[in-house]
Amino acid sequence: MEIPFNLELFGFNVNIHLVLEYLAFFIAYRYYVLLRKSNTDTINSNNRLSIILGAALGALIGSRLVGFLENPLIELSASNLIRLFNTKTIMGGLFGGLLGVELAKKIIGEKQSSGDLFVFPIILGIFIGRVGCFLSGINEFTYGKVTSSIFGMDLGDGLLRHPTSLYELVFLTLLLITLRAINNSFHLKNGELFKIFMLSYFGFRFCIEFLKPNVFYTIGLSSIQILCVICWLYYSQFIVSLLYSRHPR
């Protein structure tokens, strides 16, 4: 199979990344619904709907904003504005969704943590989306730098590059296994599983960004890496609390 992978159906070229992206949203949401039915949700249905809407709106704004910050000097023509609107990043979506949820909870007066039910659906959704990124090769700006290591792959431009999407697929698999083990072995407070997920994923993305050919930097970091630092600062109190011992179940 060649990368980029081109899928043709009934004489039409199919954007495999776009297909898998929409499939990721659909499957992740259905998985969330299944988990909510099989677990006791302490948040009532009306408040949960408000939280989901807040997450969706925050993710929409955050993904576009951070996507723009990855290429802030682009000429503001009509065609480029359309391209900018279509530019998005899961990192901005996650952090924007987090802020959207917190704002929605403040508006409706919901005090309970709400993120744990989203953890495994989010991981599954990102996994499916990253398969699309890998199959798209250099057509999606998720590929890595040129490398002479044994991991180098031709992603469509004849150069051996870090297959960063594959690295992320491996990480997400290990993260899923680890979070399930933590959830089953330790007494976690409501909301702590989501915080561990965010810290783990943003920590991974901070590191993997060094393997990507980013162009715009501030204080030596890309916009994604700066967002990772902001996320860790946001959860700084929780990080301190993790220094205290946890008692296994």
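Student: Is Glu-209 buried or exposed?

Tutor: This is a predicted model, in which local features need pLDDT of at least 70, side-chain atom pairs count only at pLDDT 80 or more, and totals for chains, interfaces and linings use all residues. Residues are numbered from 1 along each chain as its sequence is written, and side-chain values use heavy atoms, with hydrogens and water left out. Buried means under 20% relative accessible area, exposed over 50%, and partly exposed in between (1.4 Å probe, protein chains only). At 3% relative accessibility, Glu-209 is buried.

Student: Which residues are linked with Glu-209 in a network of salt bridges?

Tutor: A salt bridge places a side-chain nitrogen of Lys or Arg within 4 Å of a carboxyl oxygen of Asp or Glu. Glu-209 meets Lys-212 in this way, at 3.4 Å from N to O. Lys-212 is buried, with a relative accessible area of 7%. The network links Glu-209 with Lys-212 and Arg-205.

Student: Which residue forms a salt bridge with Arg-130?

Tutor: Arg-130 is buried at 9% relative accessibility. The N to O distance in the pair is 2.8 Å. The partner of Arg-130 is Glu-168.

Student: How many disulfides does the structure hold?

Tutor: A disulfide requires a pair of cysteine sulfur atoms within 2.5 Å. The sulfur of Cys-228 has its closest cysteine sulfur in Cys-231, 7.3 Å away, and therefore too far for a bond. Cys-231 is buried, at 0% relative accessibility. The number of disulfides is zero.
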